[in-house]
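This report goes through selected parts of one protein chain. Keep the sequence and the structure in view while reading.

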Amino acid sequence: MVHGTGRRIRRATSAEGAGESGLAKLIELHALNSFGDMLITIALASTIFFSVPTGEARGRVALYLLITMAPFAVLAPVIGPLLDRLPHGRRAAMAMSMLARAVLAWTMAGVIAGGGLALYPEALGVLVASKAYGVVRSVVVPRLLPHRLSLVKANSRVTLAGLLATGVAAAVGGLLHLIGPGWPLRGAFLVFVIGTLMAFHLPHAVDSAKGEQRAVLHAEVHTEGSHLIHHKAPPVKASLRTVGPSVVLALRAMAAMKWLVGFLVMFLAFLLREEPIGGLRPTLALGLVALAAGTGNALGSVLGSWLRTRGPEATVTAMLLLATCATAASALWYGVVTVIMIAGTAGLAASLGKLALDALIQRDVPEAVRTSAFARSETLMQLSWVAGGAVGILLPLNGELGLSVAAAVVGVVLLWTIRSLFRVGLRRHPTAPRVA
C-alpha cells in the first residue's frame, strides 16, 4: 500500500513535464518542509498557547513576535541581496535551512516540557530558517519551470502540495503529542533530516545564475515600456533594475492581504479562546476557523490552475476588494458564520492574489532580474504577515473593534490600489508567452 501510494504521489508531482524539469523534486521537498513546520507548530502551540492562561499566553506570543520581528526587520533588506550575491548556493541554502531546523527541533524536544524562555531563541531560529527557505523556494521555481506549465500553475502546484502535507501533519502531530509534548519535535527532526538530503538532489539548474542581475522593487520607468520583458534595454540602464508599476501595485495589495492573514491568525486565536462564539467550545471554534482558512487557501491554489494573465492587476485588486468586504461584514455582523467566512475568504484572497503577483513578475520583470525580484517580494510578504500578527496581539479582545480596525487598514490600501489600477490600466495581451 505504501509503495502504491508513493507511485501515485510521484505520478501526480511529475505530470506535465514537472518530472523532466526537476520541479517534481521541489514539490516533494516543499511538501516535506510543510510537514515538518506543522509538527513544530503543534508542539509550540501546545506550550505557548494552550497550556497557559490567555493573558499570559498573549504576553508570551507578543514576546515571540517582538523577538521575531526585530531581527527579521533587520534581515529583510539583507536576504534578497544575499541571494543575489550567492546564486550558486541555493541547494545548499535550502539544505542548511532544513538542517538548522532539524537541530533546533531536537534541542527543543528536550526543554519543551518546561515551557521556559529558553524556547524563544530556538523558536526564533526555526522561524528565520523557515522564512529563508520560503524566499529561496520562490527563487528556485522559475529555474525549474517546465515548458508545458506556466509560473502560476507551477506555484499553485507547489503550494497545494504544501497544504496537503500540512493537513496530514496536523493529524500525525496530534497523535505524537498524545505520547508526549516532545514527540512532534522528534518527528520534525526526522523530517528535516530527510529534507536536508533531498535538497541536494534538486537539479543543478537550481544553482545556475546565468544572465541574472539584481532587482529593485520600485516602479521607476525611464522610457515607455522599458519594464516589459520584450523590450531589450541595455543592461546599464536603470530601467532594467525596476519591476514596473503593475508589479508594485500587486506587491502593495498582497502586503495588505498578508497583513490581514497574520492579524486574523493571532487575533482570532486569542479572541475565540477567551470569548467563544455561538456557544461553541474554544477548540471547536478554532478548529472550524482553521478548517475554513485551509479550505480557502487550497481553493485559491486550485483556482490558480485556471488563472489567466488577462488582467492580473484586476485579479489582485478584486481579491483585496473581496477581503475588505468580508472583513467589514464580519465587523458589522460578528458571529460564527461571519468569522468562518472571513477566515475562508482571507485564505482564498491571499492564495489567488499571490498567484496573480507571480504572473505579473513573470510578465513584466526582465528575466535578468526576475529571480532577485521573487526573493525580495517574498521577504516583503513575510514581514507583512509578522506585522499583522503583532497588531492582532496588541488590540483588545473585542471582535467588532478588532475586525473594524482590520477592515480600515485593508480598506485604505484598497483605495490606494484602485487609484494605482486606473493609472496603470489593464493589459489584455500577456507579454510573456510562457504564462498561460
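This is a predicted model: local features need pLDDT of at least 70, side-chain atom pairs count only at pLDDT 80 or more; totals for chains, interfaces and linings use all residues.

Aspartate 37 belongs to helix α3 and arginine 101 to helix α5 (residues 90-109), so the pair ties together parts that are 64 residues apart in sequence. The count of salt bridges comes to one. As a general point, side chains of opposite charge can pair when their charged atoms come close.

Are the two partners buried or exposed? Aspartate 37 has a relative accessible area of 17%. Residues under 20% count as buried, so aspartate 37 is buried. Arginine 101 is also buried, because its relative accessibility is 0%.

## Asparagine 33

Helix α3 covers residues 23-48, and asparagine 33 is found in this helix. With a relative accessibility of 4%, asparagine 33 counts as buried.

Which residues does asparagine 33 touch, apart from its neighbours within four places in sequence? Its contacts are Met98, Arg101, Tyr133 and Phe192.

## A nonpolar patch

Met96, Leu99 and Val103 make a nonpolar surface patch of about 270 Å². Valine 103 is located in helix α5, the helix that also holds arginine 101. Valine 103 counts as partly exposed because its relative accessibility is 47%, whereas arginine 101 is buried at 0%.

## Helix α7

Helix α7 runs over residues 151-179 and has 29 residues. From its first C-alpha to its last, helix α7 reaches 42 Å, close to the 42 Å expected at 1.5 Å a residue.

The buried residues of α7 include Leu151, Val152, Ala154, Asn155, Ser156, Arg157 and Val158. Further along α7, Ala161, Gly162, Ala165, Ala169 and Gly173 are also among the buried residues. In general, an α-helix has 3.6 residues a turn, so residues three or four places apart point the same way. Ala161, Ala165, Ala169 and Gly173 can be looked at with this in mind.

## Threonine 317

Threonine 317 is part of helix α11, which spans residues 312-332. What is the relative accessibility of threonine 317? The value is 7%, so threonine 317 counts as buried.

Not counting residues up to four places away in sequence, threonine 317 touches Leu249, Leu414, Thr417, Ile418 and Leu421.

Definitions and conventions
Residues are numbered from 1 along each chain as its sequence is written. Side-chain values use heavy atoms; hydrogens and water are left out. Helices (H or I, at least four residues) and strands (E, at least two) are DSSP runs, numbered from the N terminus. Buried means under 20% relative accessible area, exposed over 50%, partly exposed in between (1.4 Å probe, protein chains only). Contact means heavy atoms within 4.5 Å. The expected span of a helix is 1.5 Å times one less than its number of residues. A salt bridge is a side-chain nitrogen of Lys or Arg within 4 Å of a carboxyl oxygen of Asp or Glu. Patches are made of residues with over 30% relative accessible area and no salt bridge: like charges are joined within 9 Å, nonpolar side chains (Val, Leu, Ile, Met, Phe, Trp, Tyr) within 5 Å. Accessible areas come from the Shrake-Rupley method with a 1.4 Å probe; for residues, only the protein chains shown count as cover.
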